[in-house]
Amino acid sequence: WVQCVSFSPDSRLMATASFDASVRLWSVDGAEKPVLQGHSDGVKCVSFSPDGKQLASASCDRSVRLWNLPSGAPRLVLHGHQGWVLSVVFSPDSRMLASGSTDCSVRLWNSATGKPMQELHNHDAMVFCVVFSPDGRFLASASEDKSIMIYNALLGVPVQRLRGHDHRIRSVAFAPDSRTLASASDDTTVRIWAVCEWSDRTHRLFSPSFRSAVFQLMCARTRLERRERLPKLPIELWLQIFHFLQLATK
């Protein structure tokens, strides 16, 4: 079974992922290039880096592999997921990878070193799809739990949970202008979501005044232990902190 197909940024190469545990490279004229061997189980997804220098593959063997292009030589193996890796994608600047798995997590990786950057555990069921917005500000993940999580891509912090579908969500995609997100579900519907609201929320959450308030909140325990007074903050900042913590724990 061929599970996924992807074109390189320059449209000269095509990669396919197969359940026979192989990744295959093809030229656009159909000529087959090297078969990339290394996975020990079916390959679910392949993704080219936007700079065209790497290919990532996600597998049921619980790993993500990186391959050099155009040679197809193996480069790195990323371990960490505890279930099948169903989706993998590069950030627009090619510096980061995101992966989604049946272990219900989304993981962020440094594409240069292969080191894990973040583990995001905001879904209650398997994650079918992960995608970055073209402007690099947001990461979206679609899950069997019928929700879409939106993260600040730079910080790996949840910004919004989108609900509305009545069944598992198989796929999400950003519009080229990064202003719209589309989602496809087993409930037989496609839903369209506006990005501007998340952008406003991100601006509010990560404004200098908010960051300062969070820092002071983190120091509150120490101050209590020293029997010092807690910081006096405007009520709107405390409300922002409370709202932020709610989003982060959903």
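In which loop does Asp-186 lie? In this predicted model, Asp-186 is found in the loop that links β18 (180-185) to β19 (190-194). With a relative accessible area of 30%, the residue is classed as partly exposed, because that value falls between the limits of 20% for buried and 50% for exposed residues.

The surroundings of Asp-186 include residues from another part of the sequence. When neighbours within four places in sequence are left aside, Asp-186 is in contact with His-167, Arg-168 and Arg-170. Two of these contacts can be described at the level of side chains: a polar contact of 2.8 Å joins the side chain of Asp-186 to that of Arg-168, and a polar contact of 3.1 Å joins the side chain of Asp-186 to that of Arg-170. The C-alpha atoms of Asp-186 and Asp-166 are separated by 8.0 Å in space, while the two residues are 20 positions apart in sequence.

With regard to the overall architecture, the secondary structure of the protein consists of 4 helices and 19 strands, and 48% of its 250 residues count as buried. Among contacts with a separation of 6 or more, 40% are made by residues 24 or more positions apart. The accessible surface amounts to about 12,800 Å², and carbon and sulfur atoms contribute 54% of that area.

Strand β10, which spans residues 96-101, is largely enclosed by the rest of the structure, because 6 of its 6 residues are buried. The burial extends to both faces of the strand: Met-96, Ala-98 and Gly-100 point one way from β10, whereas Leu-97, Ser-99 and Ser-101 point the other way, and all are buried.

Strand β9 (residues 85-90) runs antiparallel to β10 and is joined to it by 5 bridges, with Val-85 having Ser-101 of β10 as its bridge partner. These two strands form a hairpin with 5 residues between them, and in the turn Ser-94 has a positive phi of about 70 degrees. Strand β11 (residues 106-110) is likewise antiparallel to β10 and connected to it by 5 bridges, and here Met-96 stands opposite Asn-110. The hairpin of β10 and β11 has 4 residues between the strands, and Cys-104 adopts a positive phi near 75 degrees.

How values were computed. Residues are numbered from 1 along each chain as its sequence is written. This is a predicted model: local features need pLDDT of at least 70, side-chain atom pairs count only at pLDDT 80 or more; totals for chains, interfaces and linings use all residues. Side-chain values use heavy atoms; hydrogens and water are left out. Buried means under 20% relative accessible area, exposed over 50%, partly exposed in between (1.4 Å probe, protein chains only). Contact means heavy atoms within 4.5 Å. Accessible areas come from the Shrake-Rupley method with a 1.4 Å probe; for residues, only the protein chains shown count as cover. Two strands pair if DSSP finds at least two bridges between them. A polar contact is a pair of N or O atoms within 3.5 Å; within protein, one must be able to donate a hydrogen and the other to accept it, and residues adjacent in sequence count only if both atoms are side-chain atoms.
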